[in-house]
Amino acid sequence: MLTEKDEELLSILRLNARASVSDMARATGVSRTAIQNRLNKLENNNVIEGYSVVLGSEYTSGLISSNVSLKVNPNLRKTICLALRKVHQISHIYSISGEYDLLVTIQAATLEKLSEVLNMVCSLEGVARTNSSIILDTIFER
């Protein structure tokens, strides 16, 4: 069970995974030793599995993003997911409920590249139907 301070610490790390222990201590009103102990606990309990690169808005603002819902043959779902993971322009693959089975997020530099990736996804054996939505603007992101 996470404490309110743990949640606060995770929120800080989501905004900046490179934040110093001193900065996190100041922001939370907790000692640096306590912050380091909390980080160790969160890492040991697999709440934090790693720290990653967050792409800058200057780079990502130039990308065209699209959410694509996929209806897939249940017998080929695993094979489809493995194929999708190999596509560098795909940043997320979600299993979803409802009419569609998977939700994929694609980020491409041009409409032509987005179209190429969409055509490849649609041509995968076992993909019965897709529904694409280009993301026009990001209102909020954490």
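**Entry 1: α2 against α3**

I began with helices α2 and α3, which are roughly perpendicular to each other (roughly perpendicular is 65 to 115 degrees, while under 35 is roughly parallel, over 145 roughly antiparallel and the rest oblique). I found that α2 (residues 21–28) and α3 (residues 32–44) pack at about 105 degrees, with their axes 8 Å apart. Axes here are lines fitted to C-alpha atoms, for helices over the stretch in contact, and angles run from 0 to 180 degrees between N-to-C directions. Helices (H or I, at least four residues) and strands (E, at least two) are DSSP runs, numbered from the N terminus.

I then looked up who touches whom, contact being heavy atoms within 4.5 Å. From α2 come Val21, Ser22, Met24, Ala25 and Thr28, and from α3 come Arg32, Ile35, Gln36 and Leu39. I sorted the residues of this contact by class and got five nonpolar, three polar and one charged. For the classes, Ala, Val, Leu, Ile, Met, Phe, Trp, Tyr, Cys and Pro count as nonpolar, Asp, Glu, Lys and Arg as charged, and the others, Gly among them, as polar.

A note on what I am reading: this is a predicted model, where local features need pLDDT of at least 70 and side-chain atom pairs count only at pLDDT 80 or more, while totals for chains, interfaces and linings use all residues. Residues are numbered from 1 along each chain as its sequence is written, and side-chain values use heavy atoms, with hydrogens and water left out.

**Entry 2: α1 against α3**

Next I turned to α1 and α3, whose axes come within 11 Å and cross at roughly 85 degrees. That makes α1 roughly perpendicular to α3. Here Lys5, Asp6, Leu9, Leu10 and Leu13 of α1 meet Ile35, Arg38, Leu39, Lys41 and Leu42 of α3. This contact divides into six nonpolar, no polar and four charged residues.

**Entry 3: salt bridges**

The charged residues made me curious about pairs. Side chains of opposite charge can pair when their charged atoms come close. My search of the whole structure found six salt bridges (a side-chain nitrogen of Lys or Arg within 4 Å of a carboxyl oxygen of Asp or Glu).

Arg38 and Asp6 meet in one of these, at 2.9 Å from N to O. This pair links distant parts of the chain, with Arg38 in α3 and Asp6 in α1, 32 residues apart. The cut-offs are under 20% for buried, over 50% for exposed and partly exposed in between (1.4 Å probe, protein chains only). Asp6, Arg38 and Lys41 are linked in a network of salt bridges.

Lys5 pairs with Glu8, the closest N and O atoms being 3.5 Å apart. Both lie in α1 (residues 4–15), three residues apart, about one turn of the helix.

Arg129 and Glu99 form a salt bridge at 2.8 Å between the closest N and O atoms. Arg129 is in strand β4 and Glu99 in the loop between β2 and β3, 30 residues apart.

**Entry 4: the two sides of α5**

Last, I looked at α5 (residues 77–85), where Ile80, Cys81 and Leu84 are buried. They cover an arc of only 100 degrees around the axis, so they sit on the same side of α5; the arc is that of the directions from the helix axis to the C-beta atoms. On the other side I found Lys78, Thr79 and Arg85 exposed. The buried residues of α5 pack against β1 (64–72), β2 (90–95), β3 (102–108), α6 (111–123) and β4 (127–134).
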